[in-house]
Amino acid sequence: MKDKEYTENLIVRYLNGNCTPEEQAELKDWIEESNDTKREYLSIKDIWDSINSPKESTAEQLALFYKNQYEKSKKSRIVWIRTFSAIAAILIIGLIFSVLVPTNTANSSESVQVFSVPMGSRSKVILADGSEVSLNSGSELKYSSGFSSQNRVVSLTGEAFFKVKTDKEHPFTVKTSDFDIKVTGTKFNVCSYADNKYSTATLEEGKISLQLKDNSTTLKVEPGEKFQLDRKTLMHSLDQADVESEIAWKDDQFIFKNIPYSELAKRLERWYDVKLNFSDQKLQNYAFTGKFKNQETIWQVLDALKLTSPIDYQKTTFREFTIIYKPLKYN
């Protein structure tokens with residue numbers, strides 16, 4: 001690969017779907033050279049994914065990319081300064097490909113620490129008690145300034161994977177709008193987006209106690225099980241889960257098995273920070289299955305779905321697509 005400017009230009013054109021096959025091969029070889037080159041690619045891709053203004057030409061997009069890169073660099077420094085001055089006991093680790101935006105809200109008695117993850121990003125927070133929380137796109141984690149190894153209560157909107165440090169004397173509580181989860185040390189995933197039809201909790205190991213908000217019902221969830229609540233009917237179920245698929249996002253993988261198009265579209269919109277419009281209800285009759293890594297662009301994902309599913313797509317703006325029902329042809 002040539003100089004840094006050439007590399008960035010090539011990555012930007014690749015993300016925009018403008019590379020030739022030869023250039024794609026050249027970039028692929030460069031990415032696979034080392035962990036450093038892969039890290040650099042993912043870093044640029046994350047910044048690129050978070051750019052929201054529609055720009056049509058590569059030159060305009062490059063200018064916007066460099067502007068965002070500079071501003072995020074400044075914001076990152078501010079984040080670290082604010083964090084350490086506000087609460088030194090909490091260590092924040094932003095993943096290579098993530099953007100974590102902590103803010104403070106305060107009343108007369110205590111402040112609330114808020115960590116918001118933008119669409120298209122993922123982040124990790126290490127709490128004062130040593131527990132780790134991986135946050136998915138569009139998620140928010142809150143806890144009071146009084147959080148400590150003796151007072152372990154957080155609130156979640158969105159999706160997070162918790163790796164809770166064991167302490168039988170001081171339970172760890174996760175509050176959502178639909179249920180509360182209490183544990184003493186375990187690994188589990190919670191998905192509770194405000195616009196999702198269902199709220200879920202999936203247990204990888206250990207045990208969790210789940211209490212519904214609308215009544216006093218308390219459920220015990222065992223490893224490998226998934227609790228699911230229909231937020232409209234309040235009907236709930238507890239079944240065996242495909243845990244690998246449920247928690248793959250935390251390892252930069254996007255795995256979906258037999259899910260309806262509406263759910264697939266929501267996941268892709270959050271994962272890539274794009275808008276996927278569709279009107280043909282025939283798409284709802286199909287279940288979609290696939291596996292991608294964060295390294296793929298939205299273009300590659302949509303192209304792959306075109307080959308295996310009855311869909312086509314048109315780009316309408318920089319980050320918006322129209323999905324079209326198109327029956328597959330069989331020879």
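This is a predicted model: local features need pLDDT of at least 70, side-chain atom pairs count only at pLDDT 80 or more; totals for chains, interfaces and linings use all residues.
1. Residues are numbered from 1 along each chain as its sequence is written, and side-chain values use heavy atoms, with hydrogens and water left out.

2. Strand S17 is joined to strand S20 (residues 320-325) by 3 bridges, and the two run parallel; strands pair if DSSP finds at least two bridges between them, and the strands (E, at least two residues) and helices (H or I, at least four) are DSSP runs numbered from the N terminus. Helix H6 (residues 261-272) packs on the sheet, where it touches S17 and S20, and its direction makes about 155° with that of S17. Helix H7 (residues 298-308) also packs on the sheet, touching S19 and S20, with its direction at about 150° to that of S19. Contact here means heavy atoms within 4.5 Å, while axes are lines fitted to C-alpha atoms, for helices over the stretch in contact, and angles run from 0 to 180 degrees between N-to-C directions.

3. The sheet itself is open, with 3 strands in the order S17-S20-S19 and mixed pairing. Strand S17 (275-277) and strand S19 (311-317) stand at the edges with a single partner strand each, so one side of each is left without a neighbour in the sheet.

4. What joins the side chains of Lys226 and Glu246? The answer is a polar contact of 2.9 Å, that is, a pair of N or O atoms within 3.5 Å, where within protein one must be able to donate a hydrogen and the other to accept it, and residues adjacent in sequence count only if both atoms are side-chain atoms. Lys226 lies in strand S14 (residues 225-230).

5. Rings of Phe, Tyr and Trp (its six-membered ring) pair if their centres lie within 6.5 Å, and planes under 30 degrees apart count as stacked, over 60 as edge-to-face and the rest as tilted; by this rule the count comes to 14 aromatic pairs. The rings of Phe254 and Trp271 have centres 5.5 Å apart and planes at 25°, so this pair is stacked. Phe254 lies in strand S16 (residues 253-260) and Trp271 in helix H6, 17 residues apart. Both Phe254 and Trp271 are buried, meaning under 20% relative accessible area, with exposed over 50% and partly exposed in between (1.4 Å probe, protein chains only).
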